Amino acid sequence: MTTTTALGDAGGKRRKAPTIFDVAERAGVSHQTVSRVINGDPTVREQFRAQVSDAVAALGYRPRAAARALAGGRSRALGIITAGDALYGPSSTAIGFERAARSAGYHVLLSTLPDDPRPVDLSNALTTLLAQDVAAIVLVAADNRVLDALASLTVPVTVPVVVANAVQRDAARAPVAPSVAAVAIDQAAGASLVMEHLFARGHRRIVHIAGPAVSQESEVRRTTYERIMHDAGLEPVVLDGDWTPASGFAAARTIDVHTVDAVFAGNDQMALGVLHAFADEGLRVPDDIAVVGFDDVPEAAHFTPPLTTVRQDFRAMGERVLDTVRALVEGEPRDETLLLPELVVRRSA
């Protein structure tokens with residue numbers, strides 16, 4: 001009986017591990033270009049970056065990163081992929097994770113996706129990080145397009161993946177890696193806190209300004225609001241926003257304040273736009289109409305009036321993501337982790 005090794009062929013001979021020159025030959029570029037792609041040089045043309053990424057994946061090339069520190073034979077490098085935007089939640093999650101990882105003796109390699117990510121963008125980011133010998137990858141994704149891209153990956157991912165800032169769903173469970181887990185703040189619980197607070201103060205004519213449809217967090221906050229309104233025998237009214245103060249301002253300008261007594265804005269930035277619009281109309285918040293936000297950005301306590309909102313502990317989120325990463329690297333199975341938010345009551349409601 002013929003026995004094959006992990007790197008063997010049908011005859012039991014050990015194959016030579018692919019080198020940077022093999023990658024260069026397959027990609028049709030110089031080995032210097034391969035090195036630049038692996039090290040994340042942003043000046044490399046996208047065509048060459050894609051060719052190198054495809055060659056790395058096809059050959060299974062895994063260089064040892066220069067910054068690798070051996071601890072029991074394991075890499076101390078972790079990868080993180082973000083959507084590249086400056087939204088408070090995702091950026092705070094990424095910062096919280098990086099700080100927790102650095103305190104634990106890891107170094108973090110960052111890759112960002114474009115605003116409208118495609119599967120090939122995620123594949124390229126994953127391939128680049130894997131080529132730098134990361135022990136695990138964190139995907140900061142509250143965007144359904146990123147989760148869809150994860151589900152449709154054809155590039156094999158050889159390390160654990162933790163999806164942060166997203167409630168795990170079928171897309172996040174795709175068998176693209178040895179193990180996939182999700183860590184999130186419970187958005188449904190946060191929206192419920194808002195609605196309970198408004199109901200307790202006698203508000204029933206409540207309008208919700210939702211974030212963009214591609215956002216999983218926006219989707220959960222919206223559907224929770226609609227469910228609670230329906231359960232109370234009330235008609236939900238949803239206005240569309242895009243997380244920006246300008247969209248909150250525009251939505252508030254369409255509200256008939258004679259038929260509405262409270263606004264639940266999907267995030268604090270949109271709530272800021274709502275407060276601006278109401279101030280322009282001479283309305284007093286909360287005497288004439290109440291306003292509640294979500295996130296508790298640092299400025300929320302200094303809005304006029306100070307904003308009642310839902311606080312998400314992104315420092316704890318980053319620490320929990322790191323705990324999950326370390327567990328998966330050690331081979332301990334992890335599933336979805338939900339952290340509870342809290343309501344911060346100020347003067348706007």
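The model is predicted, so local features require pLDDT of at least 70 and side-chain atom pairs pLDDT 80 or more, while totals for chains, interfaces and linings use all residues. Residues are numbered from 1 along each chain as its sequence is written, and side-chain values use heavy atoms, with hydrogens and water left out.

**Whole chain**

Display the chain as a cartoon: it comprises 11 helices and 12 strands (DSSP runs, H or I of at least four residues for helices and E of at least two for strands, numbered from the N terminus). Of its 349 residues, 51% are buried, where buried means under 20% relative accessible area with a 1.4 Å probe, protein chains only. Contact denotes heavy atoms within 4.5 Å; among contacts between residues at least 6 apart in sequence, 70% join residues at least 24 apart.

**Helices H3 and H5**

Select residues 46–59 (H3) and 119–131 (H5); their axes come within 9 Å and cross at roughly 60 degrees. The axes are lines fitted to C-alpha atoms over the stretch in contact, with angles from 0 to 180 degrees between N-to-C directions. H3 and H5 are therefore oblique to each other; angles under 35 degrees count as roughly parallel, over 145 as roughly antiparallel, 65 to 115 as roughly perpendicular and the rest as oblique. Show side chains next: Glu46, Ala50, Ser53, Val56 and Ala57 of H3 meet Asn124, Thr127, Thr128 and Ala131 of H5.

**Thr82**

Select Thr82 in strand E1, residues 77–82. Thr82 counts as buried because its relative accessibility is 12%. Leaving aside residues up to four places away in sequence, Thr82 touches Ala94, Leu110, Ser111, Thr112, Leu113 and Val140.

**Helix H6**

Proceed to H6, residues 144–151, where Asn144, Val146, Leu147, Ala149 and Leu150 are buried. Which elements are included in what covers the buried residues of H6? Among them are H5, strand E3 (137–140), strand E4 (161–164) and helix H8 (216–231).

**Helices H7 and H8**

On the H7 side the contact is made by Gln187, Ala188, Ala191, Ser192, Met195 and Phe199. The H8 side contributes Glu217, Val220, Arg221, Thr224, Tyr225, Arg227, Ile228 and Met229.

Note on methods. Buried means under 20% relative accessible area, exposed over 50%, partly exposed in between (1.4 Å probe, protein chains only).
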